[in-house]
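Here is a short briefing on one protein model. Please keep the sequence and the 3D view open while reading.

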Amino acid sequence: QVQLVESGGGLVQAGGSLRLSCAASGSIFRINYMGWYRQAPGKERELVAGITSGGSTNYADSVKGRFTISRDNAKNTVYLQMNSLKSEDTAVYYCNADVAHTYSSVNYRYWGQGTQVTVSS
């Protein structure tokens, strides 16, 4: 089993910044793709940003130029630096990780419990 623990959420004024962290622990041989999703009230969960083990990234159009995803493979941790926050960024943010438990195993996707980000206007 793998546990993902997020931190760094909170309340911030529009235009401000927050940095989210997500640390993975447990039965991990290799973590491939890691990502951040968010879900606002009444809306579906959407991809915010993702990063491969090699460092390739992808972003939702709505956050390009404002958010930066990064990871520390040695610490099994992914980060999301969020700048120039807007009220529409308010949501519960979830991290996920595609984990291989052994050298030859397939990937299994795990999710964190979520952290609330609230941007006041």
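Does Tyr37 count as buried or exposed? Tyr37 has a relative accessibility of 16%, so it counts as buried. The cut-off for buried is under 20% relative accessible area. The model is a predicted one. The points below start with the overall fold, then turn to the sheet, the disulfide and the aromatic residues.

**Overall fold**

- The protein has 11 strands and 0 helices.
- In sequence order, its pattern is β-β-β-β-β-β-β-β-β-β-β.
- The radius of gyration is 14 Å, close to the 14 Å from the globule rule for 121 residues, so the protein is as compact as a globular protein of that length.
- The C-alpha trace spans about 50 × 25 × 25 Å along its principal axes.
- Buried residues make up 42% of the 121 residues.

**The four-stranded sheet**

- Four strands form an open sheet in the order β1-β3-β8-β7, and their pairing is antiparallel.
- β1 and β7 (67-72) are the edge strands, and each of them pairs on one side only.
- On average, neighbouring strands of this sheet are turned by 15° against each other, direction ignored.
- Strands of a sheet are held in pairs by backbone hydrogen bonds, in a parallel or antiparallel sense.

- Strand β1 covers residues 2-7.
- Its covered face carries Val2, Leu4 and Glu6.
- Its uncovered face carries Gln3, Val5 and Ser7.
- Strand β3 (residues 18-26) pairs with β1 in the antiparallel sense, over 6 bridges.
- Leu4 has Ala24 of β3 as its bridge partner.
- Glu6 has Cys22 of β3 as its bridge partner.

**The disulfide**

- Cys22 also takes part in a disulfide, with Cys95.
- Their sulfur atoms are 1.9 Å apart.
- The torsion about the S-S bond is about 45°, so the disulfide of Cys22 and Cys95 is right-handed.
- The pair links distant parts of the chain, with Cys22 in strand β3 and Cys95 in strand β9 (residues 91-100), 73 residues apart.
- Cys22 and Cys95 are both buried.
- A search of the whole structure finds 1 disulfide.
- A disulfide is a covalent bond that joins the sulfur atoms of two cysteines.

**Aromatic pairs**

- How many aromatic pairs does the structure hold? There are 2.
- Phe29 and Tyr103 have ring centres 6.1 Å apart and planes at 85°, so this pair is edge-to-face.
- This pair links distant parts of the chain: Phe29 is in the loop between β3 and β4 (30-39), and Tyr103 is in the loop between β9 and β10 (107-111), 74 residues apart.
- Phe29 is partly exposed, at a relative accessible area of 43%.
- Tyr103 has a relative accessibility of 69%, so it counts as exposed.
- Tyr37 and Trp111 have ring centres 5.0 Å apart and planes at 65°, so this pair is edge-to-face.
- Tyr37 lies in strand β4 and Trp111 in strand β10, so the pair links distant parts of the chain, with planes over 60 degrees apart counting as edge-to-face.
- Trp111 counts as partly exposed, at 35% relative accessibility.

**Charges over rings**

- Which residue has its charged end over the ring of Trp111? Arg45 does, at 4.8 Å from the ring centre.
- Arg19 lies over the face of Tyr79, and the distance to the ring centre is 4.1 Å.

**A loop glycine**

- Gly16 is in the loop between β2 (10-13) and β3.
- Its relative accessibility is 18%, so Gly16 counts as buried.
- Gly16 and Ser120 are 104 residues apart along the chain, and their C-alpha atoms are separated by 9.7 Å.

Definitions and conventions:
Residues are numbered from 1 along each chain as its sequence is written. This is a predicted model: local features need pLDDT of at least 70, side-chain atom pairs count only at pLDDT 80 or more; totals for chains, interfaces and linings use all residues. Side-chain values use heavy atoms; hydrogens and water are left out. Buried means under 20% relative accessible area, exposed over 50%, partly exposed in between (1.4 Å probe, protein chains only). Helices (H or I, at least four residues) and strands (E, at least two) are DSSP runs, numbered from the N terminus. Two strands pair if DSSP finds at least two bridges between them. Axes are lines fitted to C-alpha atoms, for helices over the stretch in contact, and angles run from 0 to 180 degrees between N-to-C directions. A disulfide is a pair of cysteine sulfur atoms within 2.5 Å. Rings of Phe, Tyr and Trp (its six-membered ring) pair if their centres lie within 6.5 Å; planes under 30 degrees apart count as stacked, over 60 as edge-to-face and the rest as tilted. A charge sits over a ring if NZ of Lys or CZ of Arg is within 6 Å of the ring centre and within 35 degrees of the ring normal. The radius of gyration is taken over C-alpha atoms; the globule rule is 2.2 Å times the number of residues to the power 0.38.
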